[in-house]
Amino acid sequence: MKSVVNVQMGNTTVEVGSSSVGDPLAFINSTLYHKYSRVTIILGTGDTKDYCDRTGKCQFRTLAASSVSCLIGKLLGAYYYETAREMGYNDSFARRFALEHVSREVSSRWLSTWDKIEIGRGKIGNDKHLLIILRGPLDGAEGNRVYSPRKGVVVIEALDERILYEEAILLQGITGVSCST
């Protein structure tokens, strides 16, 4: 990463970084606010899925995924709502229009071999297709960090599932969009 800042969250320090020179918080913010035609949220690897299915102890992973989905839904939803209003739709129809588009464009799934190929080829994680990856302890996380290795990709990585959820909340702080009550 070319630029890094440390963010203190309680007793944990989270490294926020990007591949660009300049403020990594601004880079991640602009990455998330960019208009994409598709969004994929990778929930983790098969090892994490197996663990979650076997033990049922993945509440923080679920909360992290929900937080990220809510954030992306609000960002994309606002774009489509405004588009519908400009087309002359009233409030009710504009909300429905936004919901339909967001529902079609955002998908969440566990990492597959095909996903790895598509990410490597740049088909997922580019100017048109946002990729958000949740990477926890069973997924090979190397530290507590949120980073963007290139435009169109945001990785949320933590050594503990609770911190993974807190980092997902940190994204809301970076963008200024809240999903919490």
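How many residues does helix α4 have, and how far does it reach from its first C-alpha to its last? Hello everyone, let's start there. Helix α4 covers residues 91-105, which makes 15 residues, and it reaches 21 Å from end to end, close to the 21 Å expected at 1.5 Å a residue. Please keep in mind that this is a predicted model.

Now, which residues of α4 are buried? They are Ala-94, Phe-97, Ala-98, His-101, Val-102 and Glu-105. These residues sit on the same side of α4, because they cover an arc of only 125° around the axis.

What covers the buried residues of α4? The cover includes strand β3 (38-42), helix α3 and strand β4 (106-109). And if you look at the N-terminal end of α4, Asn-90 caps it, with a side-chain oxygen 3.2 Å from the backbone nitrogen of Ser-92.

Let's move to the strands. Strand β5 runs over residues 129-135, and because five of its seven residues are buried, β5 is largely enclosed by the rest of the structure. Which strands pair with β5? One is β3, the strand that helps to cover α4; β3 and β5 run parallel and are joined by five bridges. Another is β7 (residues 153-157), also parallel to β5 and also joined to it by five bridges. Ile-132 is the bridge partner of Ile-41, and in β7 the bridge partner of Ile-132 is Val-154.

How many disulfides does a search of the whole structure find? There are two, and with bonded cysteines counted along the chain, they follow the pattern 1-2, 3-4.

The pair Cys-52 and Cys-58 has its sulfur atoms 1.9 Å apart. This link is left-handed, with -90° about the S-S bond. Are these two cysteines buried or exposed? Cys-52 has 12% relative accessibility, so it counts as buried, and Cys-58 counts as buried too, at 10%.

The other disulfide joins Cys-70 to Cys-179, with 2.2 Å from S to S. It links distant parts of the chain: Cys-70 lies in helix α3 (residues 59-86), Cys-179 in the segment after α6 (161-175), and 109 residues separate them. This link is left-handed as well, at -100° about the S-S bond. As for accessibility, Cys-70 is partly exposed, with a relative accessible area of 26%, and Cys-179 counts as partly exposed at 23%.

One last stop before I hand over: Thr-48, in helix α2 (residues 46-55). Its relative accessibility is 1%, so Thr-48 counts as buried. What is Thr-48 in contact with, once we leave aside its neighbours within four places in sequence? The answer is Arg-61, Trp-110, Leu-138 and Asp-139.

Definitions and conventions:
Residues are numbered from 1 along each chain as its sequence is written. This is a predicted model: local features need pLDDT of at least 70, side-chain atom pairs count only at pLDDT 80 or more; totals for chains, interfaces and linings use all residues. Side-chain values use heavy atoms; hydrogens and water are left out. A disulfide is a pair of cysteine sulfur atoms within 2.5 Å. Buried means under 20% relative accessible area, exposed over 50%, partly exposed in between (1.4 Å probe, protein chains only). Helices (H or I, at least four residues) and strands (E, at least two) are DSSP runs, numbered from the N terminus. The expected span of a helix is 1.5 Å times one less than its number of residues. The arc is that of the directions from the helix axis to the C-beta atoms. Contact means heavy atoms within 4.5 Å. A polar contact is a pair of N or O atoms within 3.5 Å; within protein, one must be able to donate a hydrogen and the other to accept it, and residues adjacent in sequence count only if both atoms are side-chain atoms. Two strands pair if DSSP finds at least two bridges between them.
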